[in-house]
Amino acid sequence: MRPDHSTPRGGVTVGTLSELPPLEAGAVIYLRHWFSGSDTREQMRRDFEVSFGPDMAEAAFEAFGYLCNFCAAHGRRPLVRHGMTCKCLGADENCFANLLASAAEGQQDDAHILASLIVTPRKAQELTRLASDCGLLMQQIMGVQPPPQAAWPAAATLH
């Protein structure tokens, strides 16, 4: 069977949005909002205002936008996104969502590795820092409490 080369690897479906925890799902949805035009950006701004109030919403909106624009400006290649109403989760979207979540949870090594998949190596540390700031904001927007820092065993098998 020949692989289908019509879908860029970053757009390959790896799951569905409904399978993601709230922070990660929000990150994907707002990533799509940011890059889908001014109308969806305004919808995103209104969502932020509901969560933060007008003053902090502007700062959160600008921070998330800066993060997205940083990925676009310094990306190894363009981030592939699914459509606004698509229920699928693409590989690039999954990477972006996990970057924000791991950075927000203080898992800096994991966040740095994920950042290096998105941007050039010399920009990965800066992206990790930006993702940490935005990830903490996303936790507030999505009403997510940060998990306690658990000590992971040397080998962690979940299923």
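A residue counts as buried when its relative accessible area is under 20%, as exposed when that area is over 50%, and as partly exposed in between (1.4 Å probe, protein chains only). By this rule, 40% of the 159 residues of the protein are buried. This is a predicted model: local features need pLDDT of at least 70, side-chain atom pairs count only at pLDDT 80 or more, and totals for chains, interfaces and linings use all residues. Residues are numbered from 1 along each chain as its sequence is written, and side-chain values use heavy atoms, with hydrogens and water left out.

**View 1**
Helices (H or I, at least four residues) and strands (E, at least two) are DSSP runs, numbered from the N terminus. From that end, the elements run β-α-α-α-β-α-α-α. Contact means heavy atoms within 4.5 Å. Among contacts with a separation of 6 or more, 70% join residues 24 or more positions apart. The protein exposes about 9200 Å², and carbon and sulfur atoms supply 55% of that area (Shrake-Rupley method, 1.4 Å probe).

Rings of Phe, Tyr and Trp (its six-membered ring) pair if their centres lie within 6.5 Å; planes under 30 degrees apart count as stacked, over 60 as edge-to-face and the rest as tilted. The count comes to six aromatic pairs. Tyr30 and Phe64 form an edge-to-face pair, 6.3 Å centre to centre, with 75 degrees between the planes. Tyr30 is buried, at 7% relative accessible area. Phe64 is buried too, at 1%. Phe64 also pairs edge-to-face with Phe96, at 6.1 Å and 85 degrees. Phe96 is buried, at 0%. Tyr30, Phe48, Phe52, Phe64 and Phe96 form one aromatic cluster.

**View 1. The largest nonpolar core has 43 residues.**
A nonpolar core is a set of buried Ala, Val, Leu, Ile, Met, Phe, Trp, Tyr and Cys residues joined through side-chain atoms within 4.5 Å. Phe48, Phe64, Phe96, Leu99, Leu100, Ile118 and Leu127 touch the most other members. H1, helix H2 (38-52), H3, H4, helix H5 (108-118) and helix H6 (124-142) each supply at least two residues of this core. In soluble globular proteins, nonpolar side chains tend to be buried together. Leaving aside neighbours within four places in sequence, Leu100 is in contact with residues including Leu23, Ala27, Phe64 and Met138.

**View 2. Two arginines lie over aromatic rings.**
A charge sits over a ring if NZ of Lys or CZ of Arg is within 6 Å of the ring centre and within 35 degrees of the ring normal. Arg41 lies over the face of Trp34, 3.9 Å from the ring centre. The charged end of Arg45 sits over the ring of Phe61, 3.9 Å from its centre. Arg45 is in helix H2. Arg45 is buried, at 19% relative accessible area. Not counting residues up to four places away in sequence, Arg45 touches Glu58 and Phe61.

**View 3. Thr128 is a buried residue of helix H6.**
Its relative accessibility is 1%. Leaving aside neighbours within four places in sequence, Thr128 is in contact with Ala103, Gln108, Ala111, His112 and Ala115. The C-alpha atoms of Thr128 and Asp110 are 9.5 Å apart, and these residues are 18 apart along the chain.
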